[in-house]
Amino acid sequence: TMEHSLFRYIVRHSLRQQIVLLIMTVASFPFLYIFLDLPKIILNEAIQGKDFPKTFFGFNFDQMEYLIVLCGIFLLLVIVNQAFKYIINVYKGLLGERMLRRLRYDLFMRVLRFPLPHFRRTSAGETIPMITSEVEPLGGYVAEAIATPAYQGGTLLTILAFLFIQDPLMGLAAVSLYPIQIYLIPKLQRKVNNRIGETIGGIQEIRSNDTAAYELADFSDRMNGVFKVRYEIYIRKFFIKFLNNFISQLGPFFFFAIGGWLVIRGELSVGALVAVLSAYKELYAP
């Protein structure tokens, strides 16, 4: 029998591949942390540093050589982090296509088991899209179902850990607006979803209760009603995006204000502040 839950179907047929994806994802986080920390070292120890030459991996470097070595490591980490993303994305694509092939095979096998009277009532034009275009989005979902939440969630935690390690106040500044976003954004989104649901429900009632003549006479008014509803949805949807983006962009304001105050008091280095701002820029996507 075929699983009734799509998630169970994913786990049953791709658990090993999902574990490989998780291992690759977890392996990328230490490199991400070092990448976030390196700008602070470059600024504080290479550009503004004293006491040269410095010993690094058993070799002595003067200031310029030390700067070049650190910049080379930074470039290497850029390549490593992008390589992780590339390999994970390619593997997710491969996994999605494999599972899509399996799902289509399972569906086609069940189509062949339909009783003969069903084929007389159902045209090929109804059956073909079920196996081809209608299951296409599921391939992408299969690849993203476990790996993407793990990657984005792990990235989020890695960056937040980095911010708190640099300075607890910086970490608090980064997460201070999250409660507002967590509470407000889903609430606004539910309003949009409910409005769409009400519209669909209303249209079904209109169709079941009205006559054809009245439908034609009332068509213009109903289309105007649909237009207004859709326009309202656009307003709400883009207001949600505006509000979310605005709250996210308040982060640098707090970093400049709080971080600048800590730098002036000598409790935070300029390099750490630059590194925190760079890390926060990476925080928005996850």
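The legends below describe several close-up views of a predicted model.

View 1. Helix α1, which runs over residues 6-47, gives the most to the patch, with five residues. Isoleucine 23 counts as exposed because its relative accessibility is 54%, and the cut-off for an exposed residue is over 50%.

**View 2. Lysine 40 and aspartate 37 meet in a salt bridge.** A search of the whole structure finds one salt bridge, and in it the side chains of lysine 40 and aspartate 37 come together with an N to O distance of 3.4 Å. Side chains of opposite charge can pair when their charged atoms come close. Because lysine 40 and aspartate 37 are three residues apart in helix α1, about one helical turn separates them. Aspartate 37 is buried, with a relative accessible area of 16%, whereas lysine 40, at 21% relative accessibility, counts as partly exposed; the two fall into separate classes because buried means under 20%.

**View 3. Helix α5 has buried residues that are covered by other helices.** In helix α5, which spans residues 136-144, the buried residues are Gly139, Val142 and Ala143. They cover an arc of only 95 degrees around the axis, and therefore they lie on the same side of α5. What covers these buried residues includes α1, α2 (63-111) and α6 (147-166).

**View 4. The largest nonpolar core holds 19 residues.** Within this core, the residues that touch the most other members are Leu163, Met170, Ala174, Phe255 and Leu283. The elements that each give two or more residues to the core are α1, α6, α7 (168-175), α9 (212-264) and α10 (270-283), and among these α10 gives the most, with seven residues. In soluble globular proteins, nonpolar side chains tend to be buried together.

**View 5. Alanine 174 has contacts with several residues.** When residues up to four places away in sequence are not counted, alanine 174 touches Leu160, Leu163, Phe255, Tyr280 and Leu283. A second, separate core has 16 residues, and Phe29, Leu95, Leu103 and Tyr151 are included in it.

Definitions and conventions: Residues numbered from 1 in each chain as written. Predicted model: local features only at pLDDT ≥ 70, side-chain atom pairs only at ≥ 80, totals over all residues. Heavy atoms only, no water. Helix = DSSP H or I, 4+ residues; strand = E, 2+ residues; numbered from the N terminus. Buried < 20%, exposed > 50% of the residue type's maximum accessible area, 1.4 Å probe, protein only. Salt bridge = Lys/Arg side-chain N within 4 Å of Asp/Glu carboxyl O. Arc of directions from axis to C-beta. Contact = heavy atoms within 4.5 Å. Core = buried A, V, L, I, M, F, W, Y, C linked by side-chain atoms within 4.5 Å.
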